[in-house]
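Please look over the sequence and the structure shown here before reading on. The report is written for a reader who meets this structure for the first time.

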Amino acid sequence: LQILVLMDYIKRENNFEILIDVDDENLFQALNNIYNFKKIKKNPKFGFKRRYIKNYLSIFLAFFKIFILSISFRKKNYQFNKNIFFSHLDQNYSFQSDPYWSNLFKKIDKNTFSVFLMDYEFFFKKKKDIKNIIYSSNFFTLKDFIVLVFKYLFVFNFRFQFNILKNNFKKDNKYLYYLTYDDFKKSISGAIFLENYYNNISINNFMNLNKNKSINKIFYLCEFHPHENFINFYKNKIKTFGFVHSSLRFWLMNYFFPKKMPKYGSYFNFPSKILVNSQICFQEFKNYYPKNILYKVEAIRNLNINSKLIKKFKNKKYKYDKTPLFLGDIQKNSTLEIIKMLNYNQKISKFYYKPHPDNNMQLKNFKKLKYISHKDFFDYAGKFKTLVFGSTSISLELYLLGKNIIIFKDDLNLNISPLFKYITKKFSDSKNMILLRNKTNKINKYFYLDKNLTQWIKILK
């Protein structure tokens, strides 16, 4: 997007000179492709070697992870219940703490489902033998690892794939190839390729154990990641359900498959049903998917938005802290930029900061900043009158609950807040602060919240 903005700016300028002052050869090649070396000076201080070293180190780490997983604990015999839920392993996983499915697990019989935990990221964690829980590493053996090494070194033709990819870019858009080169490299021959290979083999081996057809349905988090393609490869034998578990975000392009594209739906295996958790999501998805594969279910991650909580937040006698609370982003750069904007804003004397669970940055150089560490999110968030966000999805829930919301947009990053487009197109920045307050939007428009989970119970039968 920054390149497109630069191109648009240059079209309106006559005399200009560009100095590339970054250690990114692909960016330099992309600009050269656009301007044919005529108006670009190359900075001699390129750090090309760092990128290659980083790439090879990431490949080595990926092989190391997969090796550890291939020799980790595995059961001798596997018994599966009729419904399988895919989730992700974390430090202290349990059915009760599952961040995606726990509210549903509380409503259904534990003897009717099993959980398949993707464990690539937590390769170092010791696996526990827990009833109805299986791990992806259970289905990737040392033999599978040896086969992977042999194929990677002697069989896979990565150069051939790169050439096909490059030839598919039109001459006028060749710069796009250079801009996306590193991402393609990771996916075709790098660390991401190795992770996808591991997931592919483990899922395939798991599916092959279902010869007695004990598994009826598979539920997974629908984000159109590569491993979902592997799951849906078996949808003719087992019904698969992809659950859109979070708020829909305008800038997340992974959900959008233009129907006018040639071979629509052929390059990705869609599930038997896509489960949507809101009216907005349903209406949006109708533009990109066949209507017959869409099915409405309750937003099980958002059931904490209940009438009792709404009444509490709207209680005029409730004492609020007028100091703003910033709930940090998962991205470190974005979080740091927003903290700088708050810290240097003349109208703010102090602010509280609650780090994102997956981005616990320790910041000591900001005098106005006060840390908060509290596990019960809605308990402490409810005590503040004004809440500050970047792109965190929880901002939509607190907006619907009637809180004063400020969404900051830093200068360098796309803000993928769920409030963009569906609530507002204006965000706050270092110069302007815009306060958002819900006066007309109804919660049912954004989340289906039947606490009895009627639609889920129907589809699980």
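The sections below describe some helix contacts and one serine in this predicted model.

## Helices H6 and H7

Helix H6, which spans residues 158-167, packs against helix H7 at an angle of about 150°, and the axes of the two helices lie 11 Å apart. Because angles over 145 degrees count as roughly antiparallel, H6 is described as roughly antiparallel to H7. The crossing of H6 and H7 is right-handed.

On the H6 side, the contact is made by Phe158, Gln161, Phe162, Leu165 and Lys166, while H7 contributes Lys174, Tyr177, Tyr178, Tyr181, Phe184, Lys185 and Ile188. Sorted by class, the residues of this contact between H6 and H7 comprise 8 nonpolar, 1 polar and 3 charged.

## Helices H7 and H8

Helix H7 covers residues 174-188 and helix H8 covers residues 191-207, and their axes come within 4 Å and cross at roughly 35°. H7 passes H8 in a right-handed crossing. Lys186, Ser187 and Ile188 of H7 meet Ala191, Ile192 and Phe193 of H8 in this contact, whose residues divide into 4 nonpolar, 1 polar and 1 charged.

## Ser70 in helix H3

Ser70 belongs to helix H3, which is made up of residues 48-70. With a relative accessible area of 2%, Ser70 is buried, because the cut-off for that term is under 20%. When residues up to four places away in sequence are not counted, Ser70 touches Phe140, Thr141, Leu142 and Phe145.

How values were computed:
Residues are numbered from 1 along each chain as its sequence is written. This is a predicted model: local features need pLDDT of at least 70, side-chain atom pairs count only at pLDDT 80 or more; totals for chains, interfaces and linings use all residues. Side-chain values use heavy atoms; hydrogens and water are left out. Axes are lines fitted to C-alpha atoms, for helices over the stretch in contact, and angles run from 0 to 180 degrees between N-to-C directions. A crossing is left-handed if the near helix is turned anticlockwise from the far one by less than a right angle, and right-handed if clockwise. Contact means heavy atoms within 4.5 Å. Ala, Val, Leu, Ile, Met, Phe, Trp, Tyr, Cys and Pro count as nonpolar, Asp, Glu, Lys and Arg as charged, and the others, Gly among them, as polar. Angles under 35 degrees count as roughly parallel, over 145 as roughly antiparallel, 65 to 115 as roughly perpendicular and the rest as oblique. Buried means under 20% relative accessible area, exposed over 50%, partly exposed in between (1.4 Å probe, protein chains only).
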